[in-house]
Structure formats: C-alpha cells, structure tokens
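Here is a friendly walk through the structure shown below, one region at a time. Keep the 3D view open as you read.

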Amino acid sequence: MDLRIKSFEEYKAKYAQSVEKPEQFWDEIANSFNWVKKYDKVLDWEFETPKVEWFSGGKLNITENCLDRHLAKRGNKLALIWEPNDPKERFVRWTYRELYEKVCQFANALKSQNVKKGDRVIIYMPMIPELKVAVLACARIGAVHSVVFAGFSASAMADRIEDAKAKVVITSDGLNRGTKQIPLKRIVDEALESCSSVETVIVYDCLSWLPNMKPGRDVWWHDVIKDVALECPAEPMDAEDMLFILYTSGSTGKPKGVVHTCAGYMVYAAYSFQNVFQVEESDIYWCTADIGWITGHTYIVYGPLLSGATSLMFEGVPTYPDPGRFWQICDKHSVNIFYTAPTAIRALMACGDDHVLSYSLDSLKVLGTVGEPINEEAWQWYHLHVGKRNCPIVDTWWQTETGGIMISGLGAHSPMHPTHAGYPLPGIQPALLNQEGKEILENEEEGYLCIKFPWPSMIRTTYGDHERCKNVYFSHYDGYYFTGDGAKRDKDGMYRIIGRVDDVINVSGHRFGTAEIEDAMNTNPMVVESAVVGYPHDIKGQGIYAYVICNEMPTDPDFARGSIIETVVEQIGKIAKPEKIQFVSGLPKTRSGKIMRRILRKVAEGEADKLGDTSTLLDPDIVDEIVSGAI
Ligand code: WT7
C-alpha cells in the first residue's frame, strides 16, 4: 500500500530498475491493488498504431480500490473535507464510509435511470462534494465519465456531448464562484437544444433556484437517490476498459477526447501521488485545481482516494472574499500538502504580501505547482512566504494525455532547482529530439520533449478517432510519444520545461488551440479572417493576442472588440477571452497561403525588431502596417 520511495538514492535505484525491467517494476506496484481477477500480462505495446495495453486479462474496479478496500482500516478516517465558496458557510467532512455510501447510493440512482456500463455521462457541476460522488458513481457502474469544466459555454459543451454521444448529463441549478453565480442548468438546456443523444439530465439542487425542469428528461438528484440501496456492487471492468474521456485542446480542430483506461490509470495515479507529495497517513492534502481538468481527476479524486488520504476540496476562488483565502483555508484545516498553479501564485503575489503574512501556515510540509513553467520570482515568493523556507516545492510537469505527473521532485527527497521540473519519475523515459528527429543524448541541450517507452496512465486513444491520436502524438517522431513541449536538460540531467512548441496557448494553465479560438472568432459576422498567437502575460503566463480582418475596418474598434470577445465567450467560455485584438487589413502569408505566425508572435511579444527574414512573404508591406498598429 505504501508505494513511497524514501530517499534520492532509492529513487536512483528504482529508476534504473524501472528502465531495465519495466514489467517487473510495474508488476510489483500493481500487485498491491485489489484485483477481481489478476492480469495475465503486464504490458503489450507498439507506438505505431499505437496500441498500448497494461495489465491485460486483469479485472478490477477503481472505486473498490478507492473506497471498499479502505473501509476496514480507514472507515472512520476523513476522505474529504469540503470548504465552501463563502467562508461563513458550513464546511463538510466525510469519512471513507460516508463517501462509500454516497457513491454506492448515487451509483444505484444512475442504474435506476438506465445508465449502463460503457454509457457516456457528461458531468457539468460546481466544485461540491457531489461532483466527486458523481465521478466515482460512474466509475462504480462502469459508465464513462466526461467532466466538462463549469466555465465552458453551452456551445463548447454541446460539442463535447455530441462527440461523446453522451446519454446523461449531471449538473446543478447553478454555482457560486467568488461573488459570481453561474446558471449551469440554463447552460445545459441551451446546449441540449442541438444534442439528440441525451436522454436524462440529473440536477443537483445547489442554490434553490428552481430551474426549468423538462418533463421526461430532467430529474432531481434528491429524487433519484430516494429509494435506492446504500450498497452497490462494483462492476468488474477489464483493465483496458475506458474509465473516462477528458476533452483538451490541440493545435488543430476541435478539442479532442483523451481516453484513459481503468487499470493503468489507477496504478499510476496512486504511485505518482504518493511519491511526488510524499503523503503520510495523517496528512491533509489540498489541490486547488478544478475537477474539470486532469489535475482534479488524478490529484483530487483518484490519487488521494486510492492512497487512503484525506483530500480537501474548495468550491471558491483564491481572491474571495480576499486574497488571503488560500492561506486562511490552510490554517483553518491544518493543510500539510498544498498543490496549486503558478498563475494563482502570481495573482496572489500581485495583491501584496500582507495577505499571506497574516497566516501562520505552519502545518505546511510540501508545496507543489502545475500547469505551466513557473518563473523564478513566483517560485521564490512561494518558497519564502508560503513555505517559510521549510517546504520543498515540487514543480510537476505532465499533461492531460499523460494521466499523471511525469517529471517532478519527490517531496524533500530530490534536489530542487527553481524553474526546473527535475527528474522523471520511475517508469518514465523522456527523450529530447532535435529538428531532424534524432535523439539528443548529451546534457545542457534543448529539444522537443518526447517519451520513448509506455507508462501505465498514458493516453490510449482520442475518442472516436484513433487516427487523430496517432497523428497528433505518434507521427511526428517514429517510436516516440511527442508531448508538444520544448525542454532543456541541464548538466545534472534535470529537465526544465520551456513551453509549447506547437500552436497551443497556455492561458493561466488552460490549453487552447490557436485554431480553436480563430474558428470561434470567425463565426462573428464582422470577421473575415483572424490569426491568434500567445504573448507573455505577467499573471496568466500567456495572454491571447488576436489579429483580425473585418469586412471593413471598424469605425468603432472598441465596439467591434466587445462583439468579438462576446463571440469567443459564447463559443468557448470566458476563460478563452482574447486579451488584445488588433484590426489589420491583411495577414503575413507565404506564397502558399500559410500564415507566418512567427512574425505575429514577435509583434505580440513586443519584439518587432527581431522579425527575421520576411522576404518569402506574399505581401511584405503588411508587416509594416501590423508593426505600427501593435497594441
Ligand atoms: C501542458 C499540459 C497537467 C495538468 C495541468 C495542465 C504545460 C504543465 C507544467 C510544468 C511547465 C507545464 C505543458 C504541458 N505544463 N505542467 N510543471 N512546467 N509546463 O494540463 O491542460 O493537459 O496542459 O501544460 O506545456 O504540455 P494540460
């Protein structure tokens, strides 16, 4: 059960073993879980199709490993602490037994609504305990959950429902986020106008808003759990059965459904959670992410529960009612391990030190970051003011597609170097490739970050389109999984992640494809064409800079900007709002019609003096116009 490595020496030995004998290495770890039927084979793989199978022949249910197996020893231990948006409201604490009962009960409710193994269920909910229950209840009966972050718009949700051909949506009347409230059910209703697959909508009553309930389709959560049993046998799942789909953006097209499967994801979620955070039995662990992202899946729901840990869940935002909220919660619940995003650290840092200095934070032992490269200044602030120089910071690099943390320190056991994620976890074999696709073996070199051997929680496919999975991740370099990131290996072999090398923008740790935002903007009737790039942003890491061609130059640019922003918010959600919109009469294109984003990026970064060669452009004059109109 305790999967922890306890020193850097042990790490080095384990790492070597994991590369030499990966199957034996993972077999030992997998053995510590409960299997309905033991697997026949640890690993089968090739990266061409790609086809990756872990623990095949095995049967299990992840919720049995999250809940049932803890009941004997940890039945009365807290599984979950929930802190509401409003600090004056009551917080919630559930033991493992209570969570187990609620999950079983809701699993039975899902069954009563005709949800079957393999059915896709969209979950669009606030950060409340019932969200965790909904996720686990799906897993209990073998339904495939797809959580959609409750900041996405109706149109973004409709795309996901359609792609997943979801049968059920679980939502609430609305949600609280800081001073704002969002009418989730209304957004679901709007999304469902264009979706035919959904038969049932289950609505949790969060705000007593009495939303419109469509007869024959919409049912209340509190009604469907009424007359069902508190025991629900866990559905035995094949190791490679789908556990969940999570949509994420890529450099082209609409967001794709990243598919994770039961056994491999389970093994790696627990292994990485325990090792990176070095969690001890009595620790209170808090990850501030939303369950709508992979961080929430692996390190709020599954990793902590698989490890029998106590995990805190927070409904609100870091700045409500004031920018001391995170630290107030840490002190209130004696949080030992705290995991957040660089963008949150920078935002709080900008609010002044007083908000953090008024809290003791003496329970903290390990700090973590995730989502984007952390800059030195934010790292130092976090280390000094939050960690009081006593806490190691684990800078965890990973992706929706990797399912779990890939490169990171292991609590206090690894050497720490600000802005460096560090060393790969045991079982993870990173590689840097050069322009020609050749692996760089030396240190102090920079290249495209790839992974050359499978790991248990890796992406299996993109839902409904395996070819896309192959093209996006396995076709750039034969025999390698390509991450889309650039990285540098220092003289000691530590990795420093530089950032995306594809057309993906990372805004506050959230991923958007440039094409996705352009497609959204282009639906505005004023817009003829657009090009979007990222630029460095003090708080968000990257901001969105849009170059837009309108059918005629807007006479009231502010009005036009407002209208275009509104379109993006409608198509994707508030989180994708472009920060800057520059109206242009043309875009720098090559003779073959390809937009030269390199130039647009330089202008957006304020480095118009470093444009490089523009001689291959169809219309070099347009560059002068763009440079002089830059915002
Ligand atoms: C992309 C993945 C994994 C959960 C959060 C985001 C960037 C993530 C780090 C880090 C530098 C990081 C990468 C990666 N990223 N963590 N510690 N240092 N960059 O998941 O939405 O799938 O995004 O986030 O660019 O490719 P995601």
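## Before we start

A word on residue classes: Ala, Val, Leu, Ile, Met, Phe, Trp, Tyr, Cys and Pro count as nonpolar, Asp, Glu, Lys and Arg as charged, and the others, Gly among them, as polar. Please also keep in mind that this is a predicted model.

## The largest cavity

By those classes, the lining of the largest cavity has nine nonpolar, seven polar and one charged residues. The volume of this cavity is about 100 Å³, and 17 residues line it. Ile 393, Gly 409, Pro 415, Met 416 and Ala 421 are the closest to its centre.

Which strand gives the largest share of this lining? That is β20, with three residues.

How does the lining divide by class? Eight of its residues are nonpolar, two are polar and none is charged.

## Around the ligand

The ligand has 17 residues around it, and the nearest are Asp 395, Thr 396, Thr 400, Asp 485 and Arg 511. By class, this shell holds six nonpolar, six polar and five charged residues.

A nitrogen atom of the ligand lies 2.8 Å from a backbone N or O atom of Thr 396. In the side chain of Thr 400, an N or O atom is 2.6 Å from an oxygen atom of the ligand. The side chain of Arg 500 also has an N or O atom 2.9 Å from a ligand oxygen atom. On its own the ligand has 550 Å² of accessible area, and the protein covers 96% of that.

## Helix α11

Is helix α11 buried or exposed? A residue counts as buried under 20% relative accessible area. All 13 of the 13 residues of α11, which spans 294-306, are buried, so this helix is largely enclosed by the rest of the structure. Just after α11, Gly 308 takes a positive phi of about 70°.

## The second largest pocket

The second largest pocket holds about 300 Å³ of space. Of the 19 residues that line it, Val 472, His 476, Phe 482, Gly 484 and Asp 502 lie nearest its centre. Helix α16 (466-474) and strand β25 (481-489) are the elements that give two or more residues to this lining. By class, the lining divides into six nonpolar, eight polar and five charged residues.

## Backbone details in the loops

One joins Thr 49 and Pro 50, with omega about -15°, and Pro 50 sits in the loop between β1 (41-46) and β2 (51-56). Another runs from Tyr 320 to Pro 321, with omega near 0°. Pro 321 belongs to the loop between β17 (310-314) and α12 (325-332).

Asn 114 has a phi of about 70° and lies in the loop between α5 (96-112) and β6 (120-124). With 35% relative accessibility, Asn 114 counts as partly exposed. For Glu 444, phi is about 55°, and its place is in the loop between β22 (439-440) and β23 (445-451). Glu 444 counts as exposed because its relative accessibility is 56%, and the cut-off for exposed is over 50%.

## One more loop

Where does Asn 551 lie? The answer is the loop between β30 (541-550) and α18 (557-571). Its relative accessibility is 52%, so Asn 551 counts as exposed. Asn 551 and Met 526 are 25 residues apart in sequence, and their C-alpha atoms are 5.9 Å apart in space.

Terms used:
Residues are numbered from 1 along each chain as its sequence is written. This is a predicted model: local features need pLDDT of at least 70, side-chain atom pairs count only at pLDDT 80 or more; totals for chains, interfaces and linings use all residues. Side-chain values use heavy atoms; hydrogens and water are left out. Buried means under 20% relative accessible area, exposed over 50%, partly exposed in between (1.4 Å probe, protein chains only). Helices (H or I, at least four residues) and strands (E, at least two) are DSSP runs, numbered from the N terminus. A residue is near a molecule or strand if one of its heavy atoms lies within 4 Å of it. A polar contact is a pair of N or O atoms within 3.5 Å; within protein, one must be able to donate a hydrogen and the other to accept it, and residues adjacent in sequence count only if both atoms are side-chain atoms. Accessible areas come from the Shrake-Rupley method with a 1.4 Å probe; for residues, only the protein chains shown count as cover. On a 1 Å grid over the protein atoms alone, a cavity is a set of points where a 1.4 Å probe fits but cannot get out, and a pocket is an open set with protein on both sides within 12 Å along at least five of seven lines; lining residues have an atom within 4 Å of a point. Grid points are joined across faces, edges and corners, and a volume is the space filled by probe spheres set on the points.
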